Structures are given as C-alpha cells and as structure tokens.
Amino acid sequence: MLEQEEIIGKNPTIASLLKKVKTYDAKADTDLIRLAYDFAEKAHSGQTRKSGEPYIVHPLATAHILANMRIDPVIVIAALLHDVPEDTKVTLEELEKNFGSEVSSLVRGITKLGKLKYRGVERYIENLRKMFISMAEDVRVMIIKFADRIHNLTTLDALPAPKQYRIALESLEIYAPIAGRLGMDEIKGWLEDLSFKYVYPKEYAHIKQIRDERMRGKEKFLQDAQDRAWDELKTAGIKTVDLYGRNKRLYSLYQKLQRKGNEIAKVYDIVALRIIVPTLADCYAALGILHKIWRPMPGRIKDYIAQPKPNGYQSLHTTVFTDSGEMVEFQIRTLEMHEEAEFGVAAHWHYDEHGHKRPAKEISWVKELAEIQKDVLNRLSDLDEIKVDFLKSRIFVFTPKGDVIDLPEGATPIDFAYHIHTAIGNKCNGSIVNEQMTSLDTTLKNGDVVEIIIEKNRKGPNRDWLKFTKTHTARMNIKNALRLQEKSVITGWIRQVVGKK
Ligand code: MN
C-alpha cells in the first residue's frame, strides 16, 4: 500500500522543506519560503484538521509533495499559502502585498477551485469539467491542487464514510484523468491508488491479493534479471543511470484485468524493470543488448520513442523470457523521458539533477494546454453533442457557494441573476464581483465569483437593463416583469379612479 511517508517524507517540518528545496535549487529564496510558512501558520492558528492536528500540517505536507517532485519554489510558496484566503480572515490583497502577484494569482486560482461544492454527481462532474477549461489558464494551479488532494486522500480516515467516498470518487473520476491527460503519471497513479480502496473496497482487496500471490517468490528471479541486465549494459559500455523494479499500480492493474477478461496470465507488466540511460541512442542499444541475451516475446516490443503515446509518453518496452524462464517487461528511457513521464506538464517547473530548470521547450506548455483544452472540449462535444464553438463563446462564473454557472460571452450580473432565479433577477439591486461592488452592466469574465444583492421591496426590473443583458432568459423575464408592472400600475390607477379596493 502506498504510504503517506512515501509521498510526503518522514516528519515533514519547515526545516526539512527548506533543506529539500535547497537540494534542487541552490538559489531558492528560503527566507521567503520560511516567511510564507510563518504567515500561513499564523493565519491558520487555532484551526485544526478533522484528525485533530493543527491545520498548518496540511499546507506543509502539500508543499513537501511538490518539493519532493523538485518543483519551482514559487509553486511551493503558493502551496504553503493555498488555504489562507479560503479559511482565514487574511485576504488575497494582503498575500499580494507580502508575496507578490505571481504567488497571489496562484493562490487565487486554488481558492476558486476550492469553492466548487458537491451537488449531485452528474452536475458536479459537469461543473468540474467546465472548471478545468477555465482553469487551464495557469496549469500550475492544477499542480498545487493535485498535491493538495493527494495529502487529503492520505488523511481520509479521519472523515465520515460518505465524505470519504465522495472525495475518493471525485479524485478517481476527475482529478486522476486530468493528471493523466497532463502527462503526470506519477501523480495520476497516486490519486488512483489512494482513492481505489475507498471507492471499490472489495475490488481493491481482491486485486491486492492477486498481485501479492502473483509476486510471491519472484524476488530472486527479478533480482537476478536486474543484476544480469546491469552487467551486460556495463560490458557494452552503456552508463546506466538507474535500473530498478517498479510494481504495477493496483488501480491500473485492476483496469487492465477488466480489459483482459480477468486473466492475470495475460498481464505481463505486474512488475517491470526500468532502465534509465543517458541518451536516445543508448535506449536502442540497451534494447538490442536485452534481445541478444534473452528471447523477446513476439508482439510485445513497443517503440513509444518513435511513436509517443498521446500524452507524450516516451519509452521502449519489451517483454523477454529471462534465464529462469520467467517473463519480465523492461522499460527503457532517458532521464528526460523519465521525468516527462513522471511529471508531465509539471516537468516544466521541475529542476533536474544538476539543479537547473528545464530549458523552455520548442513547444511551450501554453500550446500544449491549448491542445489539452481542445481535447477536453472535443470529448465534451462527443458526450453532450455540444459544439466546440458554442462552448468557446461561453464563460464560466461562480456563485459564492461554488456552483459554476455558464453564460454567453459578454454576460452581465443581470444575466447571472436571472440565470439563478427569476425572483433574484427581479429583486436585483446590485452585484459584488470578486468581492468588489460592481455596476450591473459590467461584463463578466471567466472565473469571476458573482454575488447578487437583492432588495426585498424592489418593485421589479429596470427597463435600461435590456440594453446590456445577453441571455434570452434575462430579456424574457425582464419584459414579462415590466409588462406586469405596467399592468398593475394601470389596474391600481383604475382602482383608484373607480374607488374600488
Ligand atoms: Mn488544502
């Protein structure tokens, strides 16, 4: 089982965080990281988690998860502060004053995501999909959100069962696929395996048993194969960077078994041996060496270097019959391919073993994200027969309670109010957008949090509203209400004239 310690490290403290960050970014501003920690600790002081621990344990663990992935210190700082505006009195403005606009904009993104609340599975999933589209403006927010969620999943036991299930299901169905689409396989695997046992407890126990049985007594053959491969590569003059066994993740094994009609004998990569070599040429050379010493299994040689998987994954795979007659899969890749495979999009904020940030790629991540967005939109249109163009001309804004409301581009608070409820529209007297009083003809933007101020005694809408409303619903309701108003004014007048009550 995936242990909390494996992901976060032993006894995470601010000192261990600073030490960790220093190992990959010698120039990191550790004073600022410590300041962020002190700031968050003070802001959360007195708050506890459901487990009874002081709240600061959570942002600190989230920051550790990112630091263990050797992620850009700016993201680590934002992770320390990620729950401050949501859960404390400290505002985003104060964060910006203390930590600058980059950090505060990352935290703002997280805060918006945090406002999503659960209101029925289908509606929720739809909301999250929409959210993802508008969120993609800064994928770093997603990276922090994943780390946040991973820590929450490791502490699920403290929550009541229905909540455990709901959070785990959401992680499995929404977060993990998004991580996968972003190429973050390591994160995806963690999200899946941590959720699996809460969502499908019986299947989880069953799969775990199958894997353990299958692995029993295999340690020696694996060690032998590993040793021989290491020696042969060395003899051939390849400077192997790393060679190690990795267990197939339980949830991924579960899915594979379902595809293979539950025949465990057809799953060849329950354990794989991973070889990391310096160059691309070394990858093919290593493959040749393995095939020279062991017979490859036909149809199991896969060149994901020449033909990468859709999410960018690159490696050579082959299954061979080893000396003992046992089969094992080898996965061969360069360090760069490895990091890309583990961290995906996040690799762009990742420091290499020499403490350097990855040079900007010829294709920027912004472009990759555009592709991912397109993909999500396409899937949406497949699902719901919604045209991409239609979705593109929509914006997604929030209620203060976290529901996502989609409106056409150019929509105003009035459109929002009528979208919520006719009565809210009719009694609308003002609006607050992103915590600021805003005039009713303001054009709303993607991600805005909109609140409507209502005046109970208000007679009805203002005719001028028709000049800046965009939705059919709003216009129709305004016209109806105006007609009724006029009618009641007239009937009131007639009553007065006729002298009847
Ligand atoms: Mn959090």
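Visitor: In what order do the three strands of the open sheet lie, and is their pairing parallel or antiparallel?

Guide: The model is predicted, so local features need pLDDT of at least 70 and side-chain atom pairs count only at pLDDT 80 or more, whereas totals for chains, interfaces and linings use all residues. Residues are numbered from 1 along each chain as its sequence is written, and side-chain values use heavy atoms, with hydrogens and water left out.

The three strands of the open sheet follow the order E10-E9-E11, with antiparallel pairing. Strands here are DSSP runs (E, at least two residues), as helices are (H or I, at least four), numbered from the N terminus; two strands pair if DSSP finds at least two bridges between them. In general, strands of a sheet pair through backbone hydrogen bonds, either parallel or antiparallel.

At the edges are strand E10 (436–438) and strand E11 (450–454), each of which pairs on one side only. On average, and with direction ignored, neighbouring strands of this sheet are turned by 35° against each other; axes are lines fitted to C-alpha atoms, for helices over the stretch in contact, and angles run from 0 to 180 degrees between N-to-C directions.

Strand E9 (residues 428–433) runs antiparallel to E10, and three bridges join the two. Ile432 has Met437 in E10 as its bridge partner. Helix H19 (residues 413–420) packs on the sheet and touches E9 and E11, where contact means heavy atoms within 4.5 Å. The direction of helix H19 makes about 80° with that of E11.
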